[in-house]
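Trainee: I would like to go through this structure and ask what stands behind each label. Please set the values against the cut-offs as we go.

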Amino acid sequence: YTVTMKSLQAAQPQQDSSDKVSDKTIVIPNKHTAIADSFKGQHSWFIAPQIPTDFSIQVQETTYNVHKYPLISKCGYIGRLEIQPFISNSGNALKLENFPGGSETFETVLKFCYGLPVDFSPDNIAALRCASEFLEMTEELEDGNLISKTEAFLTFVVLSSWKDTITVLKSCENLSPWAENLQIVRRCCDSIAWKASKDDHTSEDAAPNQESWWFNDVATFRIDHFMRIISAIRAKGTRAEIIGKCIMQYAKKWLPGMDVEIEGLRGYGHEKYNLQFSIFSGKKKESSGHSKEQKTIIETLISIIPPQPDAVSCKFMLQLLKMAMMYSVSPALTTELEKRVSMVLEDAEVNDLLIPRYQNGDQGKTVIMTNSSEECTMLDIDVVQRIVEYFLMHEQQQMQQQQKMRKFNISRLLDNYLAEIARDPNLSITKFQVFAELLPENSRSYDDGLYRAIDTYLKTHPSLSEHDRKRLCKIMNCEKLSLDACLHAAQNERLPLRTVVQVLFSEQVKMRTAMQEKEPAQSGIQSEQEGNQTSASMDIKALKAELENVKSKMVDLQNDYFELQQEYEKLSNKPKNSSGWILHWRKIKNSIHTKPAGVEIGDRQDTPKSPNTVLRILNPRRRLSMS
């Protein structure tokens, strides 16, 4: 056979310069001619010259003039169709509708049927595997047929390589449903999940914010294949935070509107706020052609977010909620996402809660800009209200000590959000009051944030009646205002006079209470001082009694001293009598009841002691107490 490829319009007989070949020799056509002819709109691939072609096959817009035998010997599908009279006798071309891979893959199959060498690669292996299944090229017809060869290459070569598996799975996006039925997609997803989960288990000690190397590769797939991969990765036991980061990476790539933030009316004014919303809406109208695809991506991402609270950030879920509101995602998925946000609401920021209000349009969603109705607020307050209600329901189910601190964090967040929505001139006082009273009264330690929101609302709505202003100011508790807030409220002309009086009265009560708290402390100090004085006076009385006792004993010693002195004078006039002297000293010994340490009493004569010396000898401890 001689294989050539020419245009139908430029079909010419074989040139004289072509080589003469035998029946079993195959001559490959000129490469450049085949490429040039392939650019023409409709062309024919045929076999020439020595054995005329007897069969025509049409794939897409290309007709192939071939021989029956090489195809029937290897393709069971063509063998069954060839016996039909309509095809075998009429000479009509056999149309292969929905052929996997198209005409390019069929040309490769023809080369295989004619015995030409075929190169398998990750780019064409999935299409060849599906085409061989379509044509029923089984082993029953011929050993080493195309099904067995493509299956072996796919199993032993492709699935062992990360890069080749990614390439094959990417090529399967255009081979549905054949790639699904032949389990090519499942096997590729399992191989990717196994390699990704293996990397996760080996890098558990890595930095928590570090992205895995496979995130970008997985993010290139179509949403249905991405969902299959995430499900397979989760089944392998991969950590929830890793799966969450992969989902956020995918959303960043396929949902470009995720990073658009609305910063509210702060410092811009109402007209610029409308302009900012209009620009945000215009960006979405430009991409309305693929709004259905965007909606499918959002719904799938919501459904595959891991249930763990720390799997994805609160900011990401609120951004995803904005996109869900924009593309009218199903209410069940929107409600599920709102509940997920309520579980991590304490991590949210005010700008994340600024969700624009959308309405249905011809193509996707557009932002409401009308200001005629009170309900046409620029921000969707109902969504945030539902999130807060879900949060309070969750709090009631988990009444713990740490939950109280969470309420205070939420109160500050909602007060700041109130200050933002208060700048909307279309916000009704009823909506503002209902939202401000969502949290219980004990959840706010101070009402400064609530006062700031009320003051902002009064500033934005200067035409409120006195009754509405009083009704609005009843929301806050004047007793919970700080000193700075009280000073500001006392000079605020927008507040009703009754509220100003309440603020001044509550501040006076605080001052009086503070003074009363100081008085018991001072009385306690005085009672302590009186107790110290009583104990000191008792010590003085005891010392005085001891001094009187010492004085009486001192008088007794003085009397004994005078008697001794008289005896001494008498003895000095008489001869010395040792026995009499001893008797006199015994008398002195008996008169002194306590003998001090260190005083030696002997038979020798000593000089009489002075009264002070005798007193020190008498009781040295009392001398110390007297000093």
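Mentor: Start with G237, which follows helix 12 and has a positive phi, near 85 degrees. Bear in mind throughout that this is a predicted model.

Trainee: How do you know that the length of helix 12 agrees with what its residues should span?

Mentor: Helix 12 covers residues 223-235, which is 13 residues. At 1.5 Å a residue they should span 18 Å, and the end C-alpha atoms are 18 Å apart, so the two agree.

Trainee: Which residues of helix 12 are buried?

Mentor: I223, H225, F226, I229, I230, A232 and I233 are buried. An α-helix has 3.6 residues a turn, so residues three or four places apart point the same way.

Trainee: Why is the contact between K74 and E142 called a salt bridge?

Mentor: The cut-off from nitrogen to carboxyl oxygen is 4 Å. The side chains of K74 and E142 meet at 3.7 Å, N to O, so the pair qualifies. K74 sits in the loop between helix 2 and helix 3, E142 in the loop between helix 6 and helix 7, and the two are 68 residues apart.

Trainee: What makes K74 buried and E142 partly exposed?

Mentor: Buried means under 20% relative accessible area, and partly exposed lies between that and 50%. K74 has 10%, so K74 is buried. E142 has 30%, so E142 is partly exposed.

Trainee: How do you know that E151 and R187 form a salt bridge?

Mentor: Their side chains meet at 2.5 Å, N to O, which is within 4 Å and therefore a salt bridge. E151 lies in helix 7 and R187 in helix 10, so the pair ties together parts 36 residues apart in sequence. With 22%, E151 is partly exposed, whereas R187 counts as buried at 17%.

Trainee: Why is strand 4 called mostly covered?

Mentor: Five of its five residues, 62-66, are buried. T62, Y64 and V66 lie on one side and T63 and N65 on the other, and both faces are covered. In a regular strand the side chains alternate between the two faces of the sheet.

Trainee: What makes Q433 buried?

Mentor: Q433 has 17% relative accessibility, under the 20% cut-off, so Q433 counts as buried. Q433 is placed in helix 20. Leaving out residues up to four places away in sequence, Q433 touches R471 and I475. Q433 and R471 are 38 residues apart in sequence, but 8.8 Å apart in space, C-alpha to C-alpha.

Key. Residues numbered from 1 in each chain as written. Predicted model: local features only at pLDDT ≥ 70, side-chain atom pairs only at ≥ 80, totals over all residues. Heavy atoms only, no water. Helix = DSSP H or I, 4+ residues; strand = E, 2+ residues; numbered from the N terminus. Buried < 20%, exposed > 50% of the residue type's maximum accessible area, 1.4 Å probe, protein only. Contact = heavy atoms within 4.5 Å. Expected span 1.5 Å × (residues − 1).
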